Amino acid sequence: MKQDATRNAAYTVDCEDYVHVVEFNPFESGDSGNLIAYGGNNFVFVGTCTFQEEEADVEGIQYKTLRTFHHGVRVDGIAWSPETRLDSLPPVIKFCTSAADMKIRLFTSDLQDKNEYKVLEGHSDFINGLVFDPREGQEIASVSDDHTCRIWNLEGIQTAHFVLHSPGMSVCWHPEETFKVVEFSLFFLQLMVAEKNGTIRFYDLLAQQAILSLESEQMPLMSAHWCLKNTFKVGAVAGNDWLIWDITRSSYPQDKRPVHMDRACLFRWSTVNENLFATTGYPGKMMSQFQIHHLGHPQPILIGSVAVGSGLSWHRTLPLCAIGSDHKLLFWVTEM
């Protein structure tokens, strides 16, 4: 008998605004909880959450808002800085956002008197992805519908600019400086940029040029992600399918399967298991579908529905996903 994979969210947190994006802090921040940020129509909310899966004395989820940042415009993307620390004196909260006005905002706070932000301007169209340099946190990469990938320093000055062949949809900055592919090393293969036309390129930031590319052979590619647990794996959603590459074997997908009827929207690898990933469908008028997949299983291992869901983020140390919804954060837990 086939087991029904459809499940309701394990935990829910009520929010003060519609949630357009949600991001767990992917870095060790030295705190007793887990930093999470979500963006609404005018504000960014930063808080901590602890789950019963990690603390025996917690029942379900324990959530606390640390700071609300006025944003003034709809928040479309959030990226955490590795400089964020809650165990330093004073604490350091640092993240950047992309917004509907095509600007990037870099926020810094000590959760007390210091609450600053800097505006980074240069994109001429919607920003689809942004990420910090995961090692030092001194640069930010962003991709946009304006057919560019841009690298910025923390003063807002562009240090590199790549012209793309179609809208940039996702950007990933891998923390490893080098890794071996087949029998040669790709040095400083740091940045992965996915384009809507189905091409994924890897850039050498020292030479400022692309040195490897992958092809999905279908469009539109809406989201791609580089696996942190296995450097050779890249995943994406294009059209209605998810696709997986092993970059040591081919520039074409090793595996792909249909996943969402009304076009797939987001793809994210788990941070704890190289075979676990999540996808979301394109938000419809009322509901959006969310699925968790395991490469060892032919069918999704978990299916959920979200009221016009947006955003998708994995917990740093648990097989747990967060998705934003209408004035709610929803959390699903799955087995490893």
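## Reading a residue and a sheet

Author: Leaving aside neighbours within four places in sequence, N25 is in contact (heavy atoms within 4.5 Å) with L35, W80, T84 and R316. This is a predicted model, where local features need pLDDT of at least 70, side-chain atom pairs count only at pLDDT 80 or more, and totals for chains, interfaces and linings use all residues. Residues are numbered from 1 along each chain as its sequence is written, and side-chain values use heavy atoms, leaving out hydrogens and water.

Reader: Is N25 buried or exposed?

Author: Buried means under 20% relative accessible area, exposed over 50%, and partly exposed in between, with a 1.4 Å probe and protein chains only. N25 counts as buried because its relative accessibility is 4%. Its place is in the loop between β2 (21-24) and β3 (34-39); strands are DSSP runs of E, at least two residues, numbered from the N terminus.

Reader: Thanks! Which backbone atom does the side chain of N25 reach?

Author: The side chain of N25 reaches the backbone nitrogen of F27, at 3.2 Å.

Reader: Now sheets, please. How do strands of a sheet pair?

Author: They pair through backbone hydrogen bonds, either parallel or antiparallel. Here, two strands pair if DSSP finds at least two bridges between them.

Reader: How many bridges join β12 to β13?

Author: Five bridges join β12 (residues 148-153) to β13, and the two run antiparallel. T148 stands opposite V163 in β13.

How values were computed
Helices (H or I, at least four residues) and strands (E, at least two) are DSSP runs, numbered from the N terminus. A polar contact is a pair of N or O atoms within 3.5 Å; within protein, one must be able to donate a hydrogen and the other to accept it, and residues adjacent in sequence count only if both atoms are side-chain atoms.
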